[in-house]
Amino acid sequence: MDGTSDFRIDDKPFFDTYKKDFGFKLQGTPLPEDVSEQIFTADLSAYFLFPMTDQGAALRDEIDQVLVKLQEDGTLKKLSEQFFGADHSPDASKMEKTVN
């Protein structure tokens, strides 16, 4: 995009944003699924960070509950499709609470 490389690998939401919001004239080629799985083997989940206090733990628990409800009622999927053009929401198995 800055003329220093011939290609780069981005996810579809970023690619679409570059084209739509910034007007970049880009050509995209989707990777075959087997190649994509080799490149993106790590868990690409997003995480919220909370203070290590009682208030932080309470806020985390409340947000976890709301996110599970939004996933269950389909709201996360709708928001993902609205803002990213596809369903990038996690499946139910990814929504379990992790205790550290």
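Ser80 counts as buried, because its relative accessibility is 7% and buried means under 20% relative accessible area, with exposed over 50% and partly exposed in between (1.4 Å probe, protein chains only). The model is predicted, so local features need pLDDT of at least 70 and side-chain atom pairs count only at pLDDT 80 or more, while totals for chains, interfaces and linings use all residues. Residues are numbered from 1 along each chain as its sequence is written, and side-chain values use heavy atoms, with hydrogens and water left out.

Ser80 sits in helix α4, residues 75-84. Helices (H or I, at least four residues) and strands (E, at least two) are DSSP runs, numbered from the N terminus. Leaving aside residues up to four places away in sequence, Ser80 touches Gly85, Ala86, Asp87, His88 and Ser89; contact means heavy atoms within 4.5 Å.

The protein chain has four helices and zero strands, and its elements run α-α-α-α from the N terminus on. Of its 100 residues, 6% count as buried. Among contacts with a separation of 6 or more, 27% come from residues 24 or more positions apart.

Helix α3 covers residues 54-72, which is 19 residues. From first C-alpha to last, α3 reaches 27 Å, close to the 27 Å expected at 1.5 Å a residue; the expected span is 1.5 Å times one less than the number of residues. Gly74, with a positive phi near 90 degrees, follows α3.

The structure holds one salt bridge, that is, a side-chain nitrogen of Lys or Arg within 4 Å of a carboxyl oxygen of Asp or Glu. The side chains of Arg60 and Asp61 form this bridge, at 3.0 Å from N to O. Side chains of opposite charge can pair when their charged atoms come close.

The table lists the accessibility of some residues.

| Residue | Relative accessibility | Class |
|---|---|---|
| Arg60 | 29% | partly exposed |
| Asp61 | 25% | partly exposed |
| Leu26 | 27% | partly exposed |
| Phe7 | 64% | exposed |

Leu26 is in the loop between α1 and α2 (33-39). Leu26 and Asp16 are ten residues apart in sequence, and their C-alpha atoms are 9.4 Å apart in space.

Phe7 lies in the segment before α1 (12-22). Together with Ile9, Leu31 and Ile39, Phe7 forms a nonpolar surface patch with about 390 Å² of accessible area. Patches take residues with over 30% relative accessible area and no salt bridge, joining like charges within 9 Å and nonpolar side chains (Val, Leu, Ile, Met, Phe, Trp, Tyr) within 5 Å. Accessible areas come from the Shrake-Rupley method with a 1.4 Å probe, and for residues only the protein chains shown count as cover. The protein chain exposes about 9000 Å², of which carbon and sulfur atoms supply 55%.
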